[in-house]
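User: I'd like to go through this model with you, one question at a time. Can we start once it's on screen?

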Amino acid sequence: MSSTQTDDTDKTPVEDPDVCVVGAGPAGALLSHRLAKRGHDVVILEAGPRFDMEERVERMKRQIHPERGVDEIWDMGGERDEYTVSSDIPMPLNKRRAKGVGGTSLHWGSVVPRFRERDFEMESRHGVGKDWPISYGDLRPYYAEAEQEIGVAGPDEAPHQPPREEGYPMDPLPESYADKLYAKAGDALGIDVQPMPMAINTGAYDRNECQGHGTCEHVCPSGGKYTADIHVEKAEQEGATVITEVPVQRLEHGPDGEEITEAVYKTPDGETHRQTADVFVAAAGAYETPRLLFLSESDQYPNGLANSSGTLGKYFMDHSGGLVVGFLPGLEHSTTEYGPVISSGVFQFYDDDEAPTGGINMMLLNGAEPPIATVAMTSDEIGDELLEKIDLQAGNSIGLTLSTETLPREDNTITLDRSKTDNNGNPVLDVDFSVGQYAIDATEKGVSEFTDMVEELGGTVVLSQGTHTLNKADEFIEQTEGGYHPMGGTRMGEDPTESVVDPTLKTHDLENLYISGGGVFVTGGASNPTLTIMALSLKAADHIDEELQG
Amino acid sequence: MELSRRDALAALSAAGIAATAGCSSLLGDEGTETAAEETDEATATATDAPTDAPTETPADEASSMDTMVALAEVLYPSEVEPTESFVQTYLYGRIYAEEAYAGEVDSGIETLNGLANDEAGDDFHALSADERVSVIENTDLRTGDSVHDGSDVERVNYHLVDELLFAFYSSPVGGEMVGTQNPRGFPGGYGYSPPLDQ
Ligand SMILES: Cc1cc2nc3c(=O)[nH]c(=O)nc-3n(C[C@H](O)[C@H](O)[C@H](O)COP(=O)(O)OP(=O)(O)OC[C@H]3O[C@@H](n4cnc5c(N)ncnc54)[C@H](O)[C@@H]3O)c2cc1C
Ligand code: SF4
């Protein structure tokens, strides 16, 4: 694709850095910035390019154009990004990740609720999954720091939130017209509708303010939505070096197998380089990190690097969920003209002692219809007929995006598919994920509560798809397909025979290799994962900093 | 309703040719004003930006403008009149901002004229509105695929037809005709929050 040209920046390794970070998404970016700020010499190796801010409008137009795929927005696809899916739900991975400075946060919706206290203790509380080796309390200060770093607009006083010491950095987004409809339905039904914490700048942050394009997922042209390129650039200002378009092929260890010595990477013109460092951090996302460790197998680690437990790639999770669209004819105002796509949600059924106990995160949409420009381009009509057609459907939709908890299962895995290779001849990843009844129960509950809300408002549900309609997965529209929130596969634990990393995110097997990202999650909760990824990465940065000092 | 230069500039700012810096909230009725003011700010940026752009429209471009206006006339609702200045302003930024797009417009017009000559014996812009509609109805224009790097007609669909539709329906003028002053794609500020209907 023409807009991502190979740049001519220096691709040679940095001499003797303290830390080498693989991947420039949120998990790598915040950690790199913190370490660089503390005076450490950091190099980031990123597989993808640095995207030009000026091209974002063109990418937004790809999003609105009906003939362009979601994978085209951030130039995903081709041999570089090959993968295999063996799951029971469609997972179009190249529509669910971006490679480049900022990583998948370029795509994201910027919905940033914290995990709840119960998410760390599901085994003790409900006898499912496994307890984390850390508690909500351990992560709580890091949540606050992450919210401060990225700029979150959220409600200080709202029900069904975990305890917080300080307020959100910004007031919540203003209540939208659709939010008022949701609140009205909620009042009648006894459902608490509350502002959603969003990483969108309402004015207080050192980046552009939200301009209201309403295309947050998958492109924010103005930069009002937080994307992790912001912290990559901040890290560079603190002295870090970023080398782009250099996919790391493998991590190599020294003769005793206790330390990583080099990250071996390829440049676009086919050269191989070796980056040394004192500490290495694998932050390549929850799909690619296990793959990188499998590709780094050696005589000492024949089943994959850092895999003496045999759990590498196992206990993989994605959020289950669905999409429900309601049509409310005759509304006086359009539900879509607000700007950001989400500004409120329902968390009342997340931490519920009644069955189903699976977490339920209900994201309420400011309109759930395609942009009117998309409808215009999709249609065959012209002139007045076209206008009439658009007018019929415009502005009268509300909708729910649902994220529900799946359980960590040993047989949900990321492995290598040795029958298929990428452009560098490396076997691709194979994701094999089955949603499970636990998650389906939670999804059905969320769908049913939202359906009641639509009906309370006198509307009709016109689309309801997700893991509750898994038997009709071949009918899913693109948005309903899975793969948005990869977690697990390199899970955290105290016991080296049952987990890949310890509570500081250091691998049990190698004393200078850390993993940052959703892969370390022990259970998946229902909150969108990235704020927790960020909090954990700031915590890991503190541990690495301590180690480098000592 | 005549589509003004200001309307075009609103479309331009949706396409990001004009600066997206500066910000506003759409708050109730003031929203329209705020959006309009922003559009005025954008005026300066959009016209100042291409420093080497000619101030007069050259002759060959005048005819490409004619064709684009003629196309917009049949694509847009009859109530609106896409003036040359709407289309010119909209395309102006793109033509001078991106050489590649100027090339697409030129070759797209050639394709369109070929179809028009086959169908009605003259270049597209010289046809009556009814004839232009039949050119669209009797070919793969609109009904055929729209592909940015596809066949000649597929490219006309993508770079001319869809571009003009995007311009109109991602701007407040097109939006307001279907009840939204801030359609998706348009940076009309955030926070618009009218009261619930009684
Ligand atoms: C459409 C969409 C919407 C989303 N919305 C939300 C939301 O609202 N809220 C939320 O919390 N989460 C959301 N997510 C999830 C969120 O994007 C991820 O949780 C987050 O980006 C994970 O961060 P990461 O840094 O671990 O991985 P990534 O962001 O995926 O970054 C990994 C980086 O590593 C690079 N890399 C991979 N392999 C290599 C290699 N071998 N060598 C060098 N570099 C490599 C990649 O190119 C990439 O840049 C959404 C995701 C999608 C797809
Ligand atoms: S609504 Fe705001 S945050 Fe969303 S894309 Fe537009 S400017 Fe970005």
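This is a predicted model: local features need pLDDT of at least 70, side-chain atom pairs count only at pLDDT 80 or more; totals for chains, interfaces and linings use all residues.

Analyst: Residues are numbered from 1 along each chain as its sequence is written, chains are lettered from A and ligands numbered from 1 in the order in which they are written, and side-chain values use heavy atoms, with hydrogens and water left out.

User: Which side chain makes a polar contact with the side chain of Glu337(A)?

Analyst: Glu337(A) sits in the loop between strands E10 (320-327) and E11 (342-346) of chain A; helices (H or I, at least four residues) and strands (E, at least two) are DSSP runs, numbered from the N terminus. Glu337(A) is buried but has no salt bridge, and the nearest side chain of opposite charge, Arg184(B), is 10 Å away. Here buried means under 20% relative accessible area, exposed over 50% and partly exposed in between (1.4 Å probe, protein chains only); Lys and Arg count as positive, Asp and Glu as negative, with His and the chain ends not counted. A polar contact is a pair of N or O atoms within 3.5 Å (within protein, one must be able to donate a hydrogen and the other to accept it, and residues adjacent in sequence count only if both atoms are side-chain atoms), and at 3.4 Å the partner is Thr180(B).

User: How far apart in sequence are the parts that Phe51(A) and Trp74(A) tie together?

Analyst: Rings of Phe, Tyr and Trp (its six-membered ring) pair if their centres lie within 6.5 Å, with planes under 30 degrees apart counted as stacked, over 60 as edge-to-face and the rest as tilted; the whole structure has 15 aromatic pairs over all chains. With centres 5.0 Å apart and planes at 65°, Phe51(A) and Trp74(A) are therefore edge-to-face. Phe51(A) lies in the loop between strand E2 (42-45) and helix H2 (56-64) of chain A, and Trp74(A) in the loop between helix H3 (70-73) and strand E3 (84-85) of chain A, so the separation is 23 residues.

User: Are Phe51(A) and Trp74(A) buried or exposed?

Analyst: The accessible-area cut-offs apply to both of these residues. Phe51(A) and Trp74(A) each come out as buried.

User: How many residues apart are Arg59(A) and Asp75(A), which form a salt bridge?

Analyst: A salt bridge is a side-chain nitrogen of Lys or Arg within 4 Å of a carboxyl oxygen of Asp or Glu, and the closest N and O atoms here are 3.3 Å apart. Arg59(A) is in helix H2 of chain A and Asp75(A) in the loop between H3 and E3 of chain A, so to speak distant parts of the chain, 16 residues apart.

User: What is the relative accessible area of Arg418(A)?

Analyst: Arg418(A) forms a salt bridge with Glu297(A), the closest N and O atoms being 3.5 Å apart. Arg418(A) is in strand E14 (residues 413-421) of chain A, while Glu297(A) is in the loop between helix H8 (285-295) and E10 of chain A, 121 residues away. Glu297(A) is partly exposed at 32%, whereas Arg418(A) counts as exposed because its value is 56%.

User: Which side chain has an N or O atom 2.8 Å from a nitrogen atom of ligand 1?

Analyst: Glu46(A) puts a polar side-chain atom 2.6 Å from an oxygen atom of ligand 1. Ala47(A) comes in through a backbone N or O atom, 3.1 Å from a ligand 1 nitrogen. The side chain at 2.8 Å belongs to Thr530(A).
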